[in-house]
Amino acid sequence: MNRIFLAACLGFSLTLSAQSDVPAPAAKQTKSIYLTHATIHTGNGKVLNNATIAFDNGKIILVEENPSFKTDETGKVIDCTGKHIYPGIIAANTKVGIDEIEAVRATNDYAEVGNYNPDARAIIAYNTDSRVTPTVRSNGVLFAQSVPLYGTISGTSAVVQLDAWNWEDALIKEDGVWLNWPNMQSRGGWWAEPAPATTNKDYDKQVNAIKDYFRDAKSYADAGLHIKTNLRFEAMKDLFTKTKTLYINVDRVKEMQHAIAFAEEFSLRLVVSGGEESWMIADELGKKNIAIILGKTHELPGSDDADVDQPFKTPAVLQKAGVLFALSIPGGFWQERNLPFNAGTAVAYGLSKEEALAAITLNAAKILGVDAQIGSLEKGKDASLIVSTGDVLDMKTSDVQYAFISGRQIDLNNKQKELNQKFSKKYGVN
Amino acid sequence: MRKLAFVFGLLSIVLYLSSQETTFKTNGPDDYREGVHAFTNATIWKNYNTKIDSATLIIRDGNVVDAGKNISIPKGAIIHDLKGKFIYPSFIDIFSDYGMPDVAKAKWNEDPQMESNIKGAFGWNQAIHTDFHADRIFIVNDSKADELRKIGFGTVLTNKKDGIARGTGAVVTLNNDKENFVLIKPDAAANYSFNKGSSTQDYPSSLMGSIALLRQTYYDAQWYKTATDKKEFNINLEEWNKQQTVTHIFDAGGDWQKVLRADKVGDEFNVQYIIKTKGDEYKRVEEIKNAKAKLITTLNFPKAFDVEDPYKANWVSLEDMKNWELAPTNCAALAKAGVDFSLTTSDLEKKDDFLANLRKAVKYGLDSTVALKSLTYNPASFINVYDKVGSLETGKLANFFITSKSLFDEKCEINENWIQGKRYEIKAFDAKDIRGEYALNIFVNSPSTAKYKLKVSAEATSPKAQIILSDSAKLDANVSYKDKDISLSFSTDKKATEKIRLTGTIDYATNSWSGKGQYADGSWVSWDATQTKGADADTSKPKKDTIDVTKNLGKITFPFMAYGNEQVPTQENFLIKNGTVWTNEADGVLTNTDVVIRSGKISAVGKSLACADCKTIDATNKFVTAGIIDEHNHIAIQEGVNEGTEASSAEVRIGDVVSCDDINIYRQLAGGVTAAQLLHGSANPIGGQSAMVKFRWGYTPEKMKVEGADGFIKFALGENVKQTNWGDHSRVRYPQTRMGVEQTYYNYFTKAKEYQKQWGAYSAAKVKGVSPRRDIELDALSEILNKKRFITCHSYVQSEINMLMHVADSFNFKVNTFTHILEGYKVADKMKAHGVNASTFADWWAYKYEVIDAIPYNAAILTKVGINTAINSDDAEMARRLNQEAAKGVKYGGLSETEAWKMVTLNPAKMLHIDSRTGSIKTGKDADVVVWSDNPLSVYAKAERTFVDGILFFDVEKDALKREEIRKERARLIQKMLDDKKGGGATQEPSPKTRREYSCGGDEEHNH
């Protein structure tokens, strides 16, 4: 034990002094790292006290309470007494890397023209040099699912890790195709005078059009050889073998039920995204094993009559019904740094802290189909984790000090921290 | 001899009066008809409250000669014996557009239109149509008139419903005659609204803009009337001034709040409008009564929602369901409150529903005399034509209708409507009752006879016929008849498609029918039918009208929506025991401390306090703080948060459009928010005036406003005011650059300075000349120069922040607050020197180009430099989690918990100049207090109780009860709607209510 090298925080001073608004991606893990005496939240519901997590070559080799272990010569030990360790947080359904400044069209790379774009791949537009991404990472979000928007089928999403030189490096998986389910009600009026919503008379027609499209796509997939290649249908082939997921954006009960029946008809791996009214049919969703990427927790209720705290407590309703769900900030990019706090609010309204954590780590990994690799702190999985001095779900205490992706220690600096330093120095305040 | 001469004289006067002089020539011999009619033995409503049985009405040449008992019938009069019939004065609708052209809908034009595109010497704004006179374009339209005659109307006040000032309306009858003879009074009323109608000009784009335009036009017209040195001739102002002497009718065009807003505009100029409402005044009948306005209301009751599908039913709000149930009580509520009103058909989709709805209103408690009054006396006297119409007194127009029964009887039918002495048949008198059983003989190849038993039943006025084969086997037959003609057709058995068709005549003396007919094969036969039995006695169950529908109605709540209260909560005394109290004062955080609330104030803070008459709230393990104050919020605003059509809209006031019917008020109380500045949006460099409100849930807009608060105004800089993100069409309005933004300010403040000078000279002059023109826009800017109104300026980048401080310095005032101020950290030293406050977002950025340098450390740096700093929401959702946003000050920049907490309480109170009364827990301050479940900066904290002025507006326990009440009330109404549908009531598709959540930018995306 006396050979333990107490690196403590010293080893990390280098990263804080680096001056670049987009820090360089971290190099490969070269020596084993031991984080000791920490409270480890494994992401699968367990909390280990006075525990150690160790990783080498990017993989977790040890997660235990009060373990006895020896490090090799090159091993680095960091005493994390009083600190909390969590799996790297996964932000599902985002625009991370494909939007940089909302109002500047030149930086918007998430909506292709046309109605059916399964072949539009988010990963191609994914910008590793975004100034926004480092600010998201700084709060412990290490993975994101970048998702194209709009149209009927908006495109193919990608799960990325947020510390990369280029999109090839960033990619973990191109995981699924996104479908926007039609609404039974259309909004009326304009912004200053919203009129009551009216029945969407074309709803059935629109649903049938989707079904026809999927029939054609399936026929194409089944046929195998083609005289003429259809790139759009090529992009849908994996849906019918369930190697890719069909994500359906849908919020209201009746529409959700229609979407579920549709996915059953075509025998698809379905994930419901949005699910504002999912709490009303939580039992049904639980029984059918329908997974949900739930929309914002920090949201207003859908109607005047709804419980004032409905969006806050919907996660707890789903949890109780045994639904596999992840929390999300749909279409967010800079906003994703607040994902942990959305989970925190869900704790105030009925989830346990570990359930809330799972909803932004392991559950998300399962839903995105990347749980073999990330999402929880278990031996053999990637060493992708964060260390915070306080509860990471509470903005009052969240303070992410270290972060690792596949054992690589990430530079947590960002443009905003630099500006803070620059101007604090100017005024002599700190 | 003298006496004879007198009689003769009188006669000649009558003859003179009644001879129809006209200037029109006739083609061929004149065809003048005197039209003398006597209607005898009728029950006559001479006016709304005088009923005369067995009375006579005499009319001549379109006018009433007399009505009453013992009236001698003139020689030669055409006599109508109306035994058993009723006569009512024809109704009057004073909110009609009968005979007016359709209003062209303003086409959406992406290109801005800053000026009026009407050519001619008209005013500057296209929505002011005072040059319009309905009489000049009125055209008789017999089919439209018929729709109204059928339901008893004889006269209308018609006007084109277009624009904010709509010119004058004309009184016309519904007679199908040449316009010259039906037009009875031009310029009978001047009409106004908040709706710019067909105007394509941008201004005004909001309700507050419409109000401002009206106010400014009043002032302009006053100036125009008196100014001797004016250089313009302005048709609209000329006409406006002429129209000030007539009755004023205001189409409020919306809910009860808009009715009060219209009334308030009138109050400023000593004008009492007659206000057209939409029929929801019952929700706030006290306030409506206090407005002292006469009303024109509607019987346009909402249809029940089709709630068969529980999920779809979920879309319907409790508010809409309750309104469905209670809208029919509106007239009764107004009458009970003593509000004078008239009724209009204008909102009805189907005019035919009018009488049924009128009866419904009576069933729901409206006195039938008041109902008649609201259709005769009131509308006529509102527009000063009761000398011509509205009753059947001598000399008035012979406008009346004849009914089969009392008007309020469900089965009453209008038979005839007479207008200006001309008869319009609606439904023929006395269709004879042919119901009964008949022996029907068809002489097939005589003498062989086919014999049938025929039964005629159901309603006497629309009977149904059946061939009775046996007790169980019956065949439907078609029967129709008119006067003595009758026709009958039927098949001989159920399967047959071929029909026997008979036609013939009725002998009412013997109740027998006979005639000829044709078989399916074309062969002719003779037939007869003889009644064997009269009509069945009416044994059908008593209809629902015997049920008192006014029993078991839902209660009115304040506000009228989910979470409303039947009684508006009032002040109580509370002892909050043993909490951890964050005082925001020198005392800091006090543990195990009590707070006493008395008469709306914090009356004591200390240990082990006692209070005998207090309700005790145990705050053990809980946290007690001052209520959160949101410096920047856009909830509770009606119809538009931006009047962004001009570079300056200093004249518009959020205070004119505060709405108390917004669920977000309750939601914010549930987040511990007690007060907010409701701001104009950021679409223009000089926005509108703010309203300071406390979230007094259920109180009216005026009572939500903080008494005596200083006035503020919204300014804005950067991309929004340059219209950077509004699309390629928005490149017209000045300014388009930050350079132009600066010049805009210099221009307006220079103008304001000169304006002040002008008024100063006028006030100082010993001999007063004509006063300068009052400009409400420059008034507001002058207040800024005089340090009587304070600027909250939406701002992002450092250059523009500095610019505005320079502008202020050069005009010798200070900017009060920079709001958003995301680059404030770059110029914190300059801001400190200027003495400006900062109100920022905790961590927003990257939503547009000018916020790419925004940092979440901003609030901390500003605080550390010594600037009074707040965190605001600008967002209805985030507003209810401002405690969490404040906590980010701890996370980013390491503020102490106390410093962070002040950023959403005491600091905003200071920058809003209300810190002497709220923002901390201090004896003597307003009891704006929140009890939290946890450290209020924690994401795990919930507001459990929120007090505003010592009134407990949010209580987590009561909230749970309310949720249950909402569920129960919805369930009850859903069952009632299902019942209504089953009973044949019309339904509408369920649809969710949509509510706009405003933020600064004024477009669909959040654009702060």
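Which residue of β11(B) does B:D251 stand opposite? In this predicted model, that residue is B:K276. I shall begin with the strands around this pair and then turn to chain A.

B:D251 belongs to strand β10 of chain B, which spans residues 247–251. Strand β10(B) pairs with strand β11(B), residues 274–276, in the parallel sense, and three bridges connect them.

Let me now move to chain A. Here eight strands close into a barrel, in the order β6-β7-β8-β9-β12-β13-β14-β15, with mixed pairing. From one strand to the next, the twist averages 35°.

Within that order, strand β14(A), residues 291–294, and strand β15(A), residues 325–332, run parallel and are joined by three bridges. One residue pair to look for on the display is A:L294 with its bridge partner A:L327 in β15(A). Helix α10 of chain A, residues 310–320, lies across β14 and β15, at about 170° to β14(A).

Finally, helix α8 of chain A, residues 253–265, lies across β12 (245–250) and β13 (269–274) of chain A. The direction of α8(A) is at about 165° to that of β12(A).

Conventions: Residues are numbered from 1 along each chain as its sequence is written. Chains are lettered from A and ligands numbered from 1 in the order in which they are written. This is a predicted model: local features need pLDDT of at least 70, side-chain atom pairs count only at pLDDT 80 or more; totals for chains, interfaces and linings use all residues. A residue is buried if 20 or more other C-beta atoms lie within 10 Å of its own, exposed if 12 or fewer, and partly exposed in between; C-beta atoms are placed from the backbone. Helices (H or I, at least four residues) and strands (E, at least two) are DSSP runs, numbered from the N terminus. Two strands pair if DSSP finds at least two bridges between them. Axes are lines fitted to C-alpha atoms, for helices over the stretch in contact, and angles run from 0 to 180 degrees between N-to-C directions. Two residues are in contact if their C-beta atoms, placed from the backbone, lie within 7 Å.
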